[in-house]
Amino acid sequence: MAKRLTMMILRNILIVPYIFITLMRYARSTKVSEEKKYAFIRKIGYHGCKCGNVTVHGYGFDNLPAQTGYIMYPNHQGLFDVMGLVYLNPHPFGVVIKKEAYNVFCLRQLIQTLGGLFMDREDIKQGLQVINEVARQVKEGRNFLIFPEGTRSKNGNQPGEFKSGSFKAATKAKCPIIPIAIIDCYLPFDTNSIKQVDVQIHVLPPIPYEEYQGMKTTEIAAMVKERIEKVIKENEHNFN
């Protein structure tokens with residue numbers, strides 16, 4: 001991660017102070033609109049990708065519902081996943097991320113600016129509170145992103161276990177589930193290289209509440225993972 005991140009910073013050195021000061025301010029502000037905050041984060045993503053030798057290929061973004069109030073469930077490969085999704089998705093969304101990220105300087109402010117939530121995976125009560133809060137906000141029309149694996153996969157394009165508990169937010173909100181297949185997103189920050197890389201983000205057709213209503217969350221998790229794995233297998237060699 002260090003080499004590419006350093007390159008991104010050096011190539012944007014003239015605007016880094018502005019980015020840093022604005023990020024600190026937006027992270028604390030309740031007066032700046034979600035749209036304005038999100039547009040700012042997208043600019044960071046744009047400059048980061050452009051100066052970091054990363055090309056993000058997006059597919060199926062027309063599958064995103066026109067009406068807000070849905071949850072995206074992608075496989076999780078690395079620290080670039082959220083940046084890639086922000087870079088391609090014009091619609092603001094919050095993200096649920098593990099509490100350990102709260103102690104990572106700048107990453108904490110990025111998540112706060114996105115209106116995200118930090119989850120303690122070891123605290124069942126706090127985790128349930130986060131799930132309930134996501135469901136409440138989604139019912140009110142916000143979009144969210146939850147990584148069902150809970151942590152990034154260490155096996156490249158092979159997803160890990162999808163935790164069934166992460167789908168409780170969707171069942172409580174009775175909202176569309178958007179499976180997202182992420183391919184090669186571990187390359188930008190999880191390999192010690194600055195060479196040009198191509199990453200792919202595939203938005204799959206939504207799963208409406210009527211389709212998964214009555215299913216156990218373990219069954220929903222298995223269904224979403226199966227659909228994502230199918231797309232990964234079909235496309236993982238596109239740029240190799």
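Predicted model: local features only at pLDDT ≥ 70, side-chain atom pairs only at ≥ 80, totals over all residues.
## Helices H2 and H3

Helix H2 spans residues 16–28 and helix H3 residues 34–51; their axes come within 11 Å and cross at roughly 150°. Angles over 145 degrees count as roughly antiparallel, and H2 and H3 are therefore roughly antiparallel to each other. The crossing of H2 past H3 is left-handed.

On the H2 side, the contact is made by Tyr-18, Ile-19, Thr-22, Leu-23 and Tyr-26. H3 contributes Lys-36, Lys-37, Phe-40, Ile-41 and Ile-44. Of these contact residues, 7 are nonpolar, 1 is polar and 2 are charged.

## Salt bridges between separate elements

The whole structure holds 8 salt bridges. One of them joins Arg-142 to Glu-34, with the closest N and O atoms 2.7 Å apart. Arg-142 lies in the loop between helix H6 and strand S5, and Glu-34 in helix H3, so this pair ties together parts 108 residues apart in sequence. Arg-142 is buried at 18% relative accessible area, whereas Glu-34 is partly exposed at 28%.

Glu-100 and Arg-121 form another salt bridge, with a closest N to O distance of 3.8 Å. Glu-100 sits in the loop between strand S3 and helix H5, and Arg-121 in the loop between strand S4 and H6, so the pair links parts 21 residues apart in sequence. Both residues are partly exposed, Glu-100 at 39% and Arg-121 at 42%.

Glu-133 and Arg-136 meet in a salt bridge of 2.6 Å, N to O. Both lie in helix H6, 3 residues apart, about one turn of the helix. Glu-133 is partly exposed at 26% relative accessibility, and Arg-136 is partly exposed at 39%. Together with Glu-140, Glu-133 and Arg-136 are linked in a network of salt bridges.

Terms used: Residues numbered from 1 in each chain as written. Heavy atoms only, no water. Axes fitted to C-alpha atoms, helices over the stretch in contact; angles between N-to-C directions. Helix = DSSP H or I, 4+ residues; strand = E, 2+ residues; numbered from the N terminus. Parallel < 35°, antiparallel > 145°, perpendicular 65-115°, else oblique. Left-handed = near helix turned anticlockwise from the far one by under 90°. Contact = heavy atoms within 4.5 Å. Nonpolar A, V, L, I, M, F, W, Y, C, P; charged D, E, K, R; others polar. Salt bridge = Lys/Arg side-chain N within 4 Å of Asp/Glu carboxyl O. Buried < 20%, exposed > 50% of the residue type's maximum accessible area, 1.4 Å probe, protein only.
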